[in-house]
Amino acid sequence: MILGIDLGTTNSLAAIWRDGKAHIIPNALGEHLTPSCVGLDDDGTILIGKAARERLQTHPHLTTAVFKRYMGSDKRIRLGEQEFRAEELSSMVLRSLKEDAEAFLGQKIEEAVITVPAYFSDAQRKATRAAGQLTGLKVERLLNEPTAAALAYGIQDREQESKFLVFDLGGGTFDVSILELFDGVMEVRASAGDNFLGGEDFTNTIADAFSKYSGLEKHLNGQPLDLATQQRLRDEAERVKRNLTETAALEMSLRYQDQDYRWEVNEEAFARLCEPLLARLRLPVERALRDSTIRPAELNTVVLAGGATRMPIVRKMVARMFGRFPAMQLDPDEAIALGSAVQAGLKMRDAALEEVVMTDVSPYSMGIATSRQIGPNQYSPGHYLPIIERNTPVPVSRTKNVTTISDYQKKLNVVIYQGESRLVDNNVYLGKIEFDIPAKKAGEITVDIRFTYDISGVLEAEAHILATQEKHKVVITENAGVMTPEEIEQRLAALADLKIHPRDQIENRTLLARADRLYELSLGDARDFLASHIAAFQAALETQNPLRVREARAQLTEVLDHVEGEGYF
Ligand code: AMP
């Protein structure tokens, strides 16, 4: 069985293809979304998912989230005394999804299709693969998230020929793709995006506006908020973001140093505050349309994916942009995971999917640095020579040749970049190959540079010296953000030694984490009330009597729902 996985910035989901259909797999708590959060429990065991998210506020130094943003970089994220890379934290989320799926299906899972933003760079894709390897999952196929969303929709009406635009706004990334389904072939015509724009930015906008208009900022006078209060402010902002509707205004409040801060916001004001973010959403849409040479009127469907497209201000903007309402048959949180299960089904060659073929494109251009002649024997270095241009269908292999510019030069240095800028300094450095060449007069040595970009978005480059028939294959390993196979091997052993919180107790642990969070938020009588219920639950846990534990869990859940619903704090 191949598992489809949407490894999201905020939440992750797993799905499988079974009985001719994609199904989301519930986690140990019976929920579809597993928060992409990792933390250390008080006894040093690792908590993954909702239990960790509950502790973001109460134990900010022991908990971490939104690490997908650091995939493919060498940033280390601190949890207590330990440090982890983003791919290691991602591997813990993958591990939790894998174990939940195994428990649900009653069988071992060894392979997965994992989705990545279409705009992910080579290093970020390699990091995602490494996260799979660190989990003991074979990841032969990475699937672009918008392609997955379209696949989830395309399968439903594959009788029709269709042109889709997928508008995918997740927690931390934004992707736009234009796809065409024709005779059972799904072709990605163009994709564009912004790796640093997502639902979290809308939350931050609300939090910032709150600080400004409630008087908190003035009170702070440049001092930062403590981490726990920062988290409370973010939670309040998140609540408001999710609940704003056309009609009612919502009040936000925050208690800080014995003072209450309040601010009221309605949808119109929210839309005004978010105007810069909404403007940034328009740019990739325009670029993708231009690249695909498809006019907005030719699109059959606009598909929404990513939890942040639930925001009415985003839906309205999309409707205004395209002059029609977007498709909303699937839950935008689930579309990508369902599509990854479709791809997993394809890979398993399920009979029901045989006639659907997928094609994809390279999301950015890739090329090398060259020098341009600006006069006799005068060259200007640092120019970009694209070899594979953006939005070329993949897999693809393209060759360009370069010749020497100095007499008797003995070495050639091929420097590889990705990006769209005319000058390489503005593009992303990927790696280089240096090799010896026969010392001849300028222009006498020609080298073919071949780039091969595979269906999972991994680049290989090869230099072929025509005079000697020598070939140098390029393995791009110099990127500090990419783990070497040795590092992966080493960290695999280290991660295997980590103690992970037992899966069968995660429901109780999550409830306790939530209770602790609410206790810290409450004051006075509400605190007392909570403390006695928490103590009763802990006493029930100690009896290890499953029936009592279940009853006590239901009771405490009811109490917490009540406390949270009433906003006691
Ligand atoms: P994803 O990465 O697709 O899981 O997207 C999660 C993002 O969607 C987060 O920024 C959430 O705050 C946002 N989100 C989820 N549900 C809603 C909702 N009902 N209204 C507004 N934003 C939401």
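**Aromatic pairs.** I searched the whole structure, a predicted model, for aromatic pairs and got four. I noted two of them in detail.

I took the pair of tyrosine 213 and tryptophan 263 to begin with. The ring centres are 6.0 Å apart and the planes meet at 25 degrees, so I logged the pair as stacked. Next I looked up where the two residues sit. Tyrosine 213 belongs to helix α5 (residues 199-214) and tryptophan 263 to strand β16 (residues 259-265), so this pair ties together parts that are 50 residues apart in sequence. Are the two partners buried or exposed? Tyrosine 213 has 48% relative accessibility and counts as partly exposed. Tryptophan 263, at 11%, counts as buried.

I then turned to tyrosine 417 and tyrosine 429. Their rings form an edge-to-face pair, with 5.9 Å from centre to centre and 75 degrees between the planes. Tyrosine 417 lies in strand β23 (residues 411-418) and tyrosine 429 in strand β24 (residues 428-436), so the pair ties together parts twelve residues apart in sequence. Tyrosine 417 is buried, with a relative accessible area of 12%, and tyrosine 429 is partly exposed, at 32%.

**Strand β23.** Six of the eight residues of β23 are buried, so I wrote it down as mostly covered. Which strands pair with β23? Strand β19 (residues 366-375) is joined to β23 by three bridges and runs antiparallel to it. On that side, tyrosine 417 is the bridge partner of glycine 367. β24 also pairs with β23 in the antiparallel sense, over eight bridges. There I found valine 415 opposite lysine 432 of β24.

**A charge over a ring.** I also looked at tyrosine 70. The charged end of lysine 75 sits over the ring of tyrosine 70, at 4.8 Å from the ring centre.

**Nonpolar cores.** I listed the largest nonpolar core, which has 48 residues. Which members touch the most others? They are Leu165, Phe167, Phe202, Phe270, Leu281 and Val314. Helix α9 (residues 275-292) gives this core its largest share, six residues.

Technical notes: Residues are numbered from 1 along each chain as its sequence is written. This is a predicted model: local features need pLDDT of at least 70, side-chain atom pairs count only at pLDDT 80 or more; totals for chains, interfaces and linings use all residues. Side-chain values use heavy atoms; hydrogens and water are left out. Rings of Phe, Tyr and Trp (its six-membered ring) pair if their centres lie within 6.5 Å; planes under 30 degrees apart count as stacked, over 60 as edge-to-face and the rest as tilted. Helices (H or I, at least four residues) and strands (E, at least two) are DSSP runs, numbered from the N terminus. Buried means under 20% relative accessible area, exposed over 50%, partly exposed in between (1.4 Å probe, protein chains only). A charge sits over a ring if NZ of Lys or CZ of Arg is within 6 Å of the ring centre and within 35 degrees of the ring normal. Two strands pair if DSSP finds at least two bridges between them. A nonpolar core is a set of buried Ala, Val, Leu, Ile, Met, Phe, Trp, Tyr and Cys residues joined through side-chain atoms within 4.5 Å.
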